[in-house]
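This report describes selected features of a structure at the level of chains, helices and single residues. The sequence and coordinates are shown first.

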Amino acid sequence: MKTQQTWQRITELFEQALERPREERAEFLLAACNGGPELLREVQSLLAEHDAEENFLESPAIAAVANDVLADTEGPRIGEQFGRYRIEALIGRGGMGDVFLGSRNDGQFEQHVAIKLLKHGFVGDKTRLRFLQERQILARLEHPAIARLIDGGVTEDGAPFFVMERVQGEPITTYCKHERLGIEQRLRLFLKVCDAVEYAHHNLIVHRDLKPSNILVDDKGHAKLLDFGIAKVLSQENRAATKDATRTMMRAMTPEYAAPEQIRGDPVTTATDVYALGVLLYELLTGEKPYRITRDAPLELERAILEQDPSRPSTRTGSSAEHFGTNSRELRKRLRGDLDRIVLKALEKRPERRYSTPEALANDIRRHLDGLPISARGDTVVYRAGKFVHRHRIGAAAAAFIFLSLVGGLIATTWQARRAQMEARKAEATKNFLKSIFAASDPTQAQGKELTAKQLLDDGARRIETELKDQPDVQSEVARVIATTYQQLGEYDRARTLLMADLERRRKIDGPRSVQVAELLTELGDASYGQGKYDEAAPMYEEALSIQREQLGERSPEVARQLWNIAGVKRNRGDYSTAEQMQNQSLAIFVERRGEDSREANDVRNSLALTYADTERYAEALALQTAVASWYERNYGADHPETINARYNQASSLLALGRAAEAEQMFADIVARFTRVLGARHYKRGRALRMWARSLDELGRSHDALPLINESVRILRDHFGPAHLEAAIGLSWQAIIEAHAPMRSEAERDSRGAFDVLDGLKNVAPRHAAIVKTNCGIVFAAIGKLDYAERNLTEAVALLRSEHLEGASLNRAQSALDEVARRRVQDKE
Amino acid sequence: MATDGHTVTEMLAEWSDSGNREALDKLMPIVYDELHRQAARYLRHEREGHTLQTTALVHEAYVRLIGQAEVRWQNRAHFFGIAAEMMRRILVDYARKRQALKRGGDALKLTLNEALDSSSEQKLDLISVDEALTKLAGMDKQQARVVELRFFGGLNVDETAEVLSISPRTVKRDWKVAKAFIRRELRAA
């Protein structure tokens, strides 16, 4: 090794030589080295290396191992365990990631799912948290035309994945072509897609990547949308990235369906989905994509999306009329006019010129189908763009930014949803104010402090009172947007405070007996009801009801809805006779105003059935539950969670009526459906397993029931925790079945376990406590502990009588008590 | 850097002076983010998508950083100086492990890797770079540090200058000669 001095000399000469033009270097070095051949050779060879490759080491070390990393992580994943699922096969590859068929085997049930592994994900701890929040929002989507998100998480090596309902079908465009659907059939199918997207928007979720391959149609002709919200997760993964990265990602994401704002990296809103629906509609109606480009180059396509005006659909019918079962002249005629205008309005370059919501687009199509004039004709109201939220692109990842963009997204979509109902002036003022809230998230204004989402909203809420006091309408709008966002974040109290202040304001402005005040009261009541605060909800509903009776009439649907609300409160407080009476009134009005088969009538029937079941009037409950379940099945399909819930209620009444054989068959089916639809560990499946086990036990098949009740207890304990009422009830039924098996020591252990859990709980409803005590009493009696049995059963009887529950439960407890008394007499003899 | 340097420095000081766990908890996500950002930037650039393992690498850096309890962080520059050193150790370790694995065999995997590797350009041997860098440090510490910060730490010229408290011009000069030296060493090997 050379000495430090020698190396220093070499370095100096190297640098001096580099400062000279290349042709002078040799001469310079010869003179400088002055007879030191080794020094000369040394510097010359370094210069040669320098000249040979400028790029050497210029990309950092981490890039050098990227390929190895790739090689190590690539490769078949078949057979690998992925979270709780086993990978069965690769079923698709896309820009966003690979899709696998997964299965989950929990002993007797096998559930097939689609697992999407995203490959763009970098997941740090904060991102992980946000990802989980996102997943919760997505999991709320329950719609017959949206593939359900079952699970999601992050793999050990940091890639986010989604587990989704597996949908088998073909892309909507291919389906229409194969089936040779005519224009009207295509429009009707498209309307279903619009409804699903609208539903998601109401739940504050924008799809962002709608395209035929995400919209599958099954062999029964039902459309299902896949990948809701996933694009958003993706784009937030890239939050720290520049427009370059956004563009790169866009390329991964099928630019054919991308809206201009997505190409530009501008904020994505509900109008972005409207655009994608426009592209889809274009393709469904013409068989062609909207833009004609000469080369298959992404850049050219991007330019077309930004600049080219698409031709009217009626001019693009040349090649494909046969797929519509018609000729091209007919097809042209059909498209000219309304449909041209509708499609082009959805495809407007500027989001504010498009239909504001998928529903608005759908309404125009419905109007067209009904032969009514459409709104896209003539002047359009120009709404100002909702570009306020994502404006503030922060270069690096501010700690709060993730939350801000989440909250921003919530606010943006909430506002979008409300915007349609606002006049332009009010909309503009509301937008400006919301924008100013987010200006504070700009690091230059935040002064180094990290603002949390809550602080930001709090700040906005405070400023409503001061800065907007001259614009009460805008005050209300902003208050409602922020209140909704609070609720999304679980900040119910803050939401309530805000809405209460707004209520006072509306009372002054619109008058205390105005319809607007009644609406706001209902909203407040709903918020309290949703939290289980019935005492708070009741006066709100009552006041709203009295206003609505006065302003809208006794038989108005609003009054019916309010009666239904109040009945819910009454039932939850145990005032069953009032609840029943109000539900019957509500039902009568809905049947009269909305029809026998309306959703509203069905909802009320469902509630009324609950009232009957709570009061152990199972025959009456069963009649309604059967009707409700078939309504759901007709409207949502047999596998929809709501349908399965309704079937569960129906089967429960069957079991209570002693029709165990019918109940057993139904519960077996319900458990299988829950497994498929919600997953094997879902608490609803846990409850259904318990009911199935009870039905089998009732039929004298205790040994078949045992594994089921064991699994049920396990699931419910995992879900609710070991010290929860569900655990106590589960254990007590397990003890009953064990006593029948007969497995005396297990039965004794579990009934004591159930009793201990119950003992540690506060505020248990008497009827629930009575179930546990009755079960424990029966088990104690069976194993000869008559003192224990008598005490428990006596308490159970007292509890039931205090609640005026004098039906099946009381009979069961009382007859067990009588049995104990008889045994005592026998023992004495 | 998202949070300004001042705050990070304060948190660093609080942690290394008093061993305050809370300060560390607050700090780590920020450090992690920064390391992460660097890794992400280059890997995205280099190759779309396949970023999984990078996270694990950075994770390792993070764990080691926490392990450096006795270090007194003076400021942000100091911190990223240390971080670059971490990255060097981690990446070279990774390369060594991988080499050992290849030698050990697992024929199927090897074939697969080679097939994939053939598409990428000539590969850089990190282990040799590391050895050359150690040799360079014996002759000129500053030049070696410049390489460490730029090549392993992913810092740009100005950031490197800040960390070493020298001028950007000096960084550029050191960088050129150091690169030439390392390249020659690699070819001789």
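The structure is a predicted model. For chain A the mean pLDDT is 79, with 78% of its residues at 70 or more. Two stretches of this chain should be read with that confidence score in mind. Over residues 69–76 of chain A, pLDDT stays under 50, and the model has 17 contacts beyond four places in sequence for this stretch. Residues 440–451 of chain A likewise stay under 50, with 24 contacts beyond four places in sequence.

Chain B contains nine helices and zero strands. Of its 189 residues, 42% are buried. Among the contacts in chain B with a separation of 6 or more, 62% are between residues 24 or more positions apart. Within this chain, B:Lys135 belongs to helix α6, which covers residues 126–139. B:Lys135 is partly exposed because 15 other C-beta atoms lie within 10 Å, a count between the limits of 12 or fewer for exposed and 20 or more for buried. Its C-alpha atom is separated by 9.9 Å from that of B:Phe181, a residue 46 positions away along the chain.

Helix α29 of chain A comprises residues 641–656. At 1.5 Å a residue, its 16 residues should span 22 Å, and the end C-alpha atoms are 23 Å apart, so the two values agree. The helix is mostly covered, as twelve of its 16 residues are buried. Among the buried residues are A:Ile644, A:Arg647, A:Tyr648 and A:Leu654. The buried residues of α29(A) pack against α27 (599–614), α28 (618–636), α30 (660–678) and α31 (683–698) of chain A. Just after α29(A), A:Gly658 takes a positive phi of about 85°.

A:Leu57 counts as partly exposed because it has 19 C-beta neighbours inside 10 Å. B:Ser165 counts as exposed because it has 7 such neighbours inside 10 Å.

A further backbone detail concerns the peptide bond between A:Ala741 and A:Pro742, which is cis, with omega about -5°. A:Pro742 lies in the loop between α33 (725–740) and α34 (744–759) of chain A.

Key. Residues numbered from 1 in each chain as written. Chains lettered and ligands numbered in written order. Predicted model: local features only at pLDDT ≥ 70, side-chain atom pairs only at ≥ 80, totals over all residues. Helix = DSSP H or I, 4+ residues; strand = E, 2+ residues; numbered from the N terminus. Contact = placed C-beta atoms within 7 Å. Expected span 1.5 Å × (residues − 1). pLDDT = per-residue confidence, 0-100.
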